[in-house]
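Subject: Structure handover

Dear colleague,

I am passing on the structure below, and after it you will find my notes on what turned up when I went through it. Please read them with the structure open beside you.

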Amino acid sequence: MDYPDLRMRRLRRTETLRRMVRETVLTPDDFIYPLFVREGKGVRNPIASMPGQFQLSVDETVKAAREAWGLGVPAVILFGIPDHKDAVGSGAYAADGIVQRAVQALKSALPELCVITDVCLCEYTDHGHCGVIENGDVANDATVELLAREAVSHAVAGADIVAPSDMMDGRIAALRCALDDDGFDQIPVMAYAAKFASSFYGPFRDAAESPPQFGDRRSYQMDAANGDEAVREVELDIREGADMVMVKPALPYLDVIRRVKDTFGYPTAAYNVSGEYAMVHAMDKLGWGDGRGLMMESLVSIKRAGADMILTYFAPEAARVLGE
Ligand code: PBG
């Protein structure tokens with residue numbers, strides 16, 4: 001059948017019809033809410049480049065997570081902002097580190113909430129790179145050992161899932177092995193498997209106070225041009241034992257999300273990163289677009305591309321819209 005017998009507009013005529021033929025449906029179950037935890041009490045420092053997002057002390061982190069949980073969001077992912085940074089990021093794997101304490105507080109206040117921890121060194125190193133530096137570059141194998149320690153310390157604190165975001169080679173196997181050795185064989189690893197060196201991380205580096213003090217992250221994060229390599233990265237992480245894989249950022253890499261989902265059929269997460277969030281707010285603020293529409297369209301597109309889980313700063317706001 002062809003036009004004029006076939007008319008595609010017939011099924012778009014009313015909102016009810018559109019609801020009936022809608023292919024992709026978002027739910028709050030899809031969302032993981034990123035939170036930035038810092039020292040102190042009653043602290044809610046607004047993040048200038050991420051309107052509506054804050055650096056939170058542990059008590060305020062619990063409040064924010066409780067609100068998100070109440071709206072149906074099942075999970076949070078934690079980023080730590082320690083008071084003291086050093087060359088080897090020792091705050092990252094300290095038993096009483098900021099993330100470790102936040103995990104304990106969240107699990108005692110909200111035992112059913114899924115608490116995911118970002119496993120990386122960049123927020124904890126004084127040079128801002130995601131590992132230890134040797135000869136002017138991040139040393140892979142020495143870094144992997146520290147990441148494994150960090151992941152175990154998060155599991156000891158009660159984390160439900162650990163999510164390494166460093167892009168070192170061999171870190172998934174190392175984390176899996178260290179977790180198993182310490183009795184955490186039931187703790188899944190969510191691998192930031194295809195993480196691109198992206199200009200869309202700009203606001204995050206403000207939020208987490210973690211910009212690299214020299215150079216950039218291109219010797220470990222991926223080149224934006226490479227889709228085949230992204231598939232290889234994901235394959236390696238799966239072979240090393242990843243339970244879930246992630247593509248990051250989300251919107252500029254929807255093709256990669258689709259390829260990863262189709263190729264492996266693994267639980268696939270996509271990170272709707274800080275710059276994607278800031279862009280929506282900037283357009284809304286300038287009067288160049290409707291923030292709510294931009295938000296919901298971004299999220300449904302990421303799901304349509306194949307994401308099972310979306311890490312997004314919009315989590316509570318979008319969950320509220322979905323609940324209306
Ligand atoms: C840490 C990390 C980053 C993000 C998540 N984990 C920053 C980076 O790699 O520079 C970015 C998240 C965002 O932009 O929202 N390695």
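S210 is buried, with a relative accessible area of 1%, and please bear in mind here and below that this is a predicted model. S210 sits in the loop between α6 (202-207) and α7 (227-240), and, leaving aside residues up to four places away in sequence, it touches K85, C122, E123, G128, F204, R205 and R217.

The closest N and O atoms of R38 and E209 are 3.3 Å apart; R38 is buried at 14% relative accessible area, whereas E209 counts as partly exposed at 37%.

In total, the count comes to 18 salt bridges. Among them is the one between R22 and E15, at 3.8 Å from N to O, and E15, R18 and R22 are linked in a network of such bridges. Another joins D216 and R218, with the closest N and O atoms 3.9 Å apart; D216 is partly exposed at 42% relative accessibility, while R218 is exposed at 54%.

Turning to the helices, the axes of α8 (residues 254-264) and α10 (residues 291-304) come within 9 Å and cross at roughly 35°. L254, I257 and R258 of α8 make this contact with S301, I302 and R304 of α10, and these residues divide into three nonpolar, one polar and two charged.

Finally, M1, L6 and M8 make a nonpolar surface patch of about 350 Å², in which M1 is exposed, with a relative accessible area of 72%.

Best wishes

Note on methods. Residues are numbered from 1 along each chain as its sequence is written. This is a predicted model: local features need pLDDT of at least 70, side-chain atom pairs count only at pLDDT 80 or more; totals for chains, interfaces and linings use all residues. Side-chain values use heavy atoms; hydrogens and water are left out. Patches are made of residues with over 30% relative accessible area and no salt bridge: like charges are joined within 9 Å, nonpolar side chains (Val, Leu, Ile, Met, Phe, Trp, Tyr) within 5 Å. Accessible areas come from the Shrake-Rupley method with a 1.4 Å probe; for residues, only the protein chains shown count as cover. A salt bridge is a side-chain nitrogen of Lys or Arg within 4 Å of a carboxyl oxygen of Asp or Glu. Buried means under 20% relative accessible area, exposed over 50%, partly exposed in between (1.4 Å probe, protein chains only). Helices (H or I, at least four residues) and strands (E, at least two) are DSSP runs, numbered from the N terminus. Contact means heavy atoms within 4.5 Å. Axes are lines fitted to C-alpha atoms, for helices over the stretch in contact, and angles run from 0 to 180 degrees between N-to-C directions. Ala, Val, Leu, Ile, Met, Phe, Trp, Tyr, Cys and Pro count as nonpolar, Asp, Glu, Lys and Arg as charged, and the others, Gly among them, as polar.
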